[in-house]
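User: I would like to learn how to read a structure like this one, feature by feature. Please give the general idea each time, then the case at hand.

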Amino acid sequence: MVSHISLLLVVVPLIAAPVVAILPRGRLPWLVAFMVAATCAVLAGMQLWAVLYEGAISYELGGWAPPWGIEYRIDAVNAFVALIVAAIAAITLPYALLSAEREIPEDKIPLFYSALLLCLTGLLGITQTGDIFNVFVFLEISSLASYALISLGRQRQAFTAAYQYLIMGTIGATFYLIGVGLIYSQTGSLNMQDLATILPGVLHLNTVETGFAFLMVGIALKLALFPLHLWLPNAYTYAPSVVTVFLAATATKVAVYVMLRILFTVFPQGFAVTTPADELFIVAGIAGIITASVYAIYQENIKRLLAYSSVAQVGYMVLGIGFASATGLTAALVHLFNHALMKGALFMAVGAIVYRVGASRMEQVHGLGRAMPWTFGAIVLGGLSLIGVPGTAGFISKWYLVSAALEQQAWISVAVILSGSLLAVVYVGKLIEALYFKPVSAAGKAVSEAPILLLLPTWTLVLANIYFGLDTDLTVGVAEKAAAILMGMTP
Amino acid sequence: MRPDLILHVIAKFVIPLIILYALYVQFHGDFGPGGGFQAGVIFSAAFILYSLVFGLDTAEKIIPSHWLRILAALGVVIYAGVGVASLLLGGNYLDYTLLGSNQIAGQHLGILLVELGVGITVAAAMLILFFAFAGRGRD
């Protein structure tokens with residue numbers, strides 16, 4: 001029975017999506033979507049538990065044995081990422097009820113929840129599958145759904161943003177597919193475990209190296225690695241608030257997971273170090289942290305500011321991957337989890353402001369912190385976590401990242417990580433200044449605190465930020481196990 | 001004589017043939033080239049031809065757009081439902097073998113139902129796309 005969980009995580013939202021699409025308007029579609037997301041979160045928790053205590057799960061789709069059939073293969077790495085995705089979905093959906101009613105046309109509501117469930121299906125599918133072509137299929141399911149979700153934004157720019165993401169995302173997916181094709185031509189296999197045994201024998205072939213390069217560039221586009229991040233700021237800025245929360249906390253994380261899988265499971269670990277990819281990760285990570293943080297400081301739109309900060313945070317994760325050490329991978333995985341918490345909380349709080357004011361430009365939110373103390377409190381605590389203040393989740397990820405850098409005496413990386421935190425102080429400070437210290441505008445005087453239904457999910461994530469900053473058993477414990485699996489050590 | 005008489009007569013003659021061919025591609029997909037995707041597109045082509053010749057309003061009377069949405073969803077539910085059926089019969093997801101009395105019958109029934117689901121969804125989705133573009137600027 002336990003092994004069926006890995007499948008149900010994908011199938012439950014998949015079946016619910018078309019059902020939700022034909023439900024009548026009103027709150028029924030939301031209810032079904034919420035129940036599905038909650039079910040998925042419980043299943044993902046059970047799956048992680050089973051994997052940690054009983055070892056890897058293998059599930060043969062259609063009863064066809066791998067490597068011919070599609071296999072779902074779950075170990076601590078993907079069970080961890082699946083739990084992040086499912087839990088964020090379960091927390092985002094209660095928030096979605098009011099926020100979506102405010103921001104999305106009424107006749108589009110059932111389709112909105114349907115697309116959200118399809119996006120969840122795709123993201124969970126990527127985490128579950130043990131087949132690199134199947135990853136592409138789920139990547140497309142989640143991406144196509146997210147293009148539709150982004151285009152639902154209220155401003156006209158949402159269409160341009162969605163179109164831009166469509167083009168960039170399609171290029172990324174195509175690159176990934178070309179990579180899969182090249183590797184398939186030399187190995188005749190698509191199963192990750194099978195590839196792991198075949199690839200060491202053919203690594204010297206140019207085709208395989210080219211395939212590796214295509215895979216990496218394709219995934220880098222999907223995870224918005226600097227300088228391939230150009231689609232992300234617009235997409236996050238103009239998408240409906242709920243969509244931004246969900247995508248910011250899950251989509252790029254899943255792409256980071258795919259990168260880890262390809263680098264360390266499919267290709268023999270240590271291969272990346274022999275190619276320029278490894279140095280490129282470190283250079284791109286460093287450049288991303290600095291450039292995107294500086295860009296964030298100059299943004300006049302809160303959502304865009306946070307979006308640039310997300311690009312910087314991806315930089316931290318990729319930097320951790322670039323170290324190619326157990327500590328580095330632990331740092332990347334811990335940050336994967338913690339960043340989902342902090343960006344989820346921050347985008348939710350900003351969404352609550354958008355709910356009240358209808359805008360997210362700096363000058364329109366002046367002084368609103370005093371009218372919306374709970375929302376403002378969430379932004380302050382989320383911001384502190386983003387900076388990496390001790391006692392918050394952000395501190396834990398920075399700590400492991402710095403240790404990983406010190407381990408290899410990578411002094412430049414250490415300096416960059418620390419200065420990235422300082423730059424975060426500046427942009428978070430700018431946010432707090434606008435919200436609290438600037439005089440309230442005439443229109444802002446009438447603003448009241450956000451409804452409780454928006455505050456509860458926001459504060460759940462804020463408190464999770466504090467909790468996982470103090471108790472790191474779940475995050476670091478699982479991440480260390482996952483990193484050990486990726487590094488090929490028996491946990 | 002109406003100027004589009006020939007068009008009307010030819011369309012009325014061709015449309016049943018297109019639908020018949022779509023059904024052939026659908027149900028012969030197990031043995032030869034074909035299957036749900038191709039059949040769905042051919043099937044929808046018959047309706048697209050109809051609406052090009054007889055007008056969009058007439059076509060929407062035959063297939064109202066809210067029906068299309070239900071059909072598009074239904075196909076996915078059929079596909080996923082076949083998988084759940086094999087799950088309930090005690091096998092793995094989409095393990096068709098358990099659906100019939102023996103392996104060949106089970107695999108045959110399974111792929112037939114799954115492709116039917118694909119066909120329905122593809123035909124409905126193609127028509128939704130067509131109506132969405134053709135109906136632009138009407139209201």
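Predicted model: local features only at pLDDT ≥ 70, side-chain atom pairs only at ≥ 80, totals over all residues.

User: How many helices and strands does chain A have?

Analyst: Chain A has 20 helices and two strands. Its radius of gyration is 21 Å, close to the 23 Å that the globule rule gives for 491 residues, so chain A is as compact as a globular protein of that length. The C-alpha trace spans about 70 × 55 × 40 Å along its principal axes.

User: What is the mean pLDDT of chain A, and what is that of chain B?

Analyst: pLDDT is the predictor's confidence in each residue, from 0 to 100. For chain A the mean is 89, with 99% of residues at 70 or more. For chain B the mean is 88, and 99% of its residues reach 70 or more. For the complex, the predictor gives an ipTM of 0.89 and a pTM of 0.93.

User: What share of the residues in chain A is buried?

Analyst: A residue counts as buried if 20 or more other C-beta atoms lie within 10 Å of its own, and as exposed if 12 or fewer do. In chain A, buried residues make up 62% of the 491 residues. Sequence separation is another thing to look at: among contacts in chain A between residues at least 6 apart in sequence, 81% join residues at least 24 apart.

User: Which residues touch the most other members of the largest nonpolar core?

Analyst: They are C40(A), F80(A), A86(A), A89(A) and I150(A), in a core of 239 residues. Helix α14 (residues 326-357) of chain A gives the most to this core, with 20 residues. To see one member's surroundings, take I150(A): beyond four places in sequence, its contacts include A158(A), Y165(A), Y238(A) and V243(A).

User: Is a glycine such as G288(A) buried or exposed?

Analyst: Count the neighbours. G288(A) has 27 other C-beta atoms within 10 Å, so it is buried. The residue lies in helix α12 (residues 277-297) of chain A. Leaving aside neighbours within four places in sequence, G288(A) is in contact with L225(A), F226(A), V311(A), A312(A), V314(A) and G315(A).

User: F226(A) is on that list. What kind of peptide bond joins F226(A) and P227(A)?

Analyst: Read omega. The bond between F226(A) and P227(A) is cis, with omega about 0 degrees. P227(A) is found in the loop between α8 (206-222) and α9 (231-238) of chain A. The peptide bond from P66(A) to P67(A) is cis as well, with omega near 5 degrees.

User: Which phi values should I look at in the loops?

Analyst: Look at positive values in residues other than glycine. A324(A), not a glycine, has a positive phi of about 55 degrees, and Q409(A), not a glycine either, has one of about 50 degrees. A324(A) sits in the loop between α13 (302-323) and α14 of chain A. Q409(A) sits in the loop between α17 (393-407) and α18 (411-437).

User: How many residues of chain A are in contact with chain B?

Analyst: The size of an interface is often given as the accessible area lost when the parts come together. Here we can count contacts: 14 residues of chain A are in contact with 15 residues of chain B. On chain A's side, α1 (2-21) and β1 (57-60) each supply at least two residues, and α1(A) gives the most, with eight. By class, that side has ten nonpolar, three polar and one charged residues.

User: How far apart are the end C-alpha atoms of helix α1 of chain B?

Analyst: They are 34 Å apart; at 1.5 Å a residue, the 23 residues of this helix (residues 5-27) should span 33 Å, which agrees. The buried residues of α1(B) are A22(B), V25(B) and Q26(B). What covers them includes α2 (36-54) and α5 (103-134) of chain B.

Definitions and conventions: Residues numbered from 1 in each chain as written. Chains lettered and ligands numbered in written order. Helix = DSSP H or I, 4+ residues; strand = E, 2+ residues; numbered from the N terminus. Rg over C-alpha atoms; globule rule 2.2 N^0.38 Å. Contact = placed C-beta atoms within 7 Å. Nonpolar A, V, L, I, M, F, W, Y, C, P; charged D, E, K, R; others polar. Core = buried A, V, L, I, M, F, W, Y, C linked by C-beta atoms within 7 Å. Expected span 1.5 Å × (residues − 1).
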